[in-house]
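Please keep the sequence and the structure in view while reading.

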Amino acid sequence: MDMEIKIEKLVFGGDGLGFVNGKAFFVEGALPGEKVLVRILIEKPNYAKASLLRVLEPSPHRIIPVCPYVERCGGCQYQHLPYPEELKWKEKQVLESFQQSLQFDLKLLSPIQCGKKEYGYRNSISLHRTTEKNNKPQRLSFIGRDNYSKVMIDHCMLAEDHLKEIFTAEHQLGRKEERRSFKLDEKNRIFTSDEERIYRIRAGNQSLWTSSIGFFQNNIPVTELIGKQLAAWVKAVKPTRFIDLYSGVGTFSLLSAATVPEIFCFEESVHSIGCARRNFKEANVPLTGVFTGKVEKTFPRFILSNQKPGTMIFMDPPRLGIASSLATLLSKEAVAENIVYLSCDLQILLRDLKHILTNNRYEIQAVVPFDMFPRTKHIEVLAHLQKKGGRHS
Ligand SMILES: C[S@@+](CC[C@H](N)C(=O)[O-])C[C@H]1O[C@@H](n2cnc3c(N)ncnc32)[C@H](O)[C@@H]1O
């Protein structure tokens, strides 16, 4: 069924939200203030998803996307909006999500921070196989907005310029290789995930070793902003011990906590841990302890027999968040005075914070959103929790 809707706001994910007879309608591509003609795609008792057929009254903010692939490629959600408006809406989404999920005081939210570039910021890109023929070189593609089709492109607006050759070149994939990642080093040379190589990336005043098959943040200027914020909290609370969970190559320990007397890294990738050891050594920062393996296994064993006043835990888990058993441990034991959680998934962050806060041992001190992935729906959020009755940052 087709119908007209007035759009009120942009919700997390980038859809426009409007109401008809009290029912919420989510419309991809529609902007606040617009009257749009939509067609219902999915209808549930209390909400519906609809596709945008026509903009009847456009928003004064509507712009033409710069990327010719935006309609088919699923990567960007905000190209039809000027960047400052995108930032404004992302900040609102963080605030509303925190208010809905936790008793959250608006004063605890800092303004969203962003880098200088809204395009050309990604230093790594993953592309997918396009043909089943294993033995022939092939061009690679993104997965489309429908989560299924392959979108072959000549360039991606989000990628750094030095990556542009990967989109038009043909690549020889291995038999079982479904996708390949391409990453830039500090000299703008390309490294790929088809074999393990280590290379350097510059972040802050560090030149860090990382692995072609391990993780590294893909927007360096914003990583540096996060590092500065974390360093400010470290300086304010003066921890005796910094525990870096999901440490990767030790990026945030080295950017923000190098002066803390004891630093421990927990990470499952042996490749990243190898690089972390090198990074600490070259930076001349003592690494007190390293635990390779799953955090949910190694960390509880360590912390329950090694409690220490003045502990600060920093955790930057993958998109799926932390294991429920780890959240339970943190909620029950108050094993640290300060916990800082960095997340690239707002809903997962809220799920985990809610869990950690259940036993009332911690309170939120501050929340800072970062626009790590401009023009896309994603928001990176840094949340600082402090043990109740502890020092304030
Ligand atoms: C989002 S990355 C963050 C890495 C690091 N903080 C950085 O900024 O480079 C998440 C890291 O967690 C690691 N990881 C994923 N699941 C894990 C687990 N269950 N236990 C330990 N490490 C894990 C990944 O290998 C990856 O290095």
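How many residues does helix α1 have, and how far does α1 reach from its first C-alpha to its last? The model is a predicted one. Helix α1 runs over residues 83–101, which makes 19 residues. Its span from first to last C-alpha is 27 Å, close to the 27 Å expected at 1.5 Å a residue.

## Helix α1 and its cover

Which residues of α1 are buried? They are Y83, E85, E86, L87, W89, K90, Q93, V94, L95, S97 and F98. An α-helix has 3.6 residues a turn, so residues three or four places apart point the same way.

Several elements take part in covering these buried residues of α1. Among them are the strands β1 (2–10), β6 (113–114), β19 (362–371) and β20 (380–387), together with helix α8 (346–356).

## Around the ligand

The shell around the ligand holds 17 residues, of which Q217, Y246, E267, V295 and D316 come nearest. By type, the shell divides into six nonpolar, six polar and five charged residues.

Which ligand atom is 2.6 Å from an N or O atom in the side chain of E267? That atom is an oxygen. A ligand nitrogen atom is 3.1 Å from a polar backbone atom of E268. For E296, a polar side-chain atom lies 3.1 Å from a nitrogen atom of the ligand.

On its own, the ligand has 590 Å² of accessible area, and the protein covers 90% of this. Helices α4 (251–256) and α6 (295–305) are the elements that give two or more residues to the shell.

Definitions and conventions: Residues numbered from 1 in each chain as written. Predicted model: local features only at pLDDT ≥ 70, side-chain atom pairs only at ≥ 80, totals over all residues. Heavy atoms only, no water. Helix = DSSP H or I, 4+ residues; strand = E, 2+ residues; numbered from the N terminus. Expected span 1.5 Å × (residues − 1). Buried < 20%, exposed > 50% of the residue type's maximum accessible area, 1.4 Å probe, protein only. Contact = heavy atoms within 4.5 Å. Near = heavy atom within 4 Å. Polar contact = N/O pair within 3.5 Å; in protein donor to acceptor, adjacent residues only side chain to side chain. Areas by Shrake-Rupley, 256 points an atom, 1.4 Å probe, with all protein chains shown as cover. Nonpolar A, V, L, I, M, F, W, Y, C, P; charged D, E, K, R; others polar.
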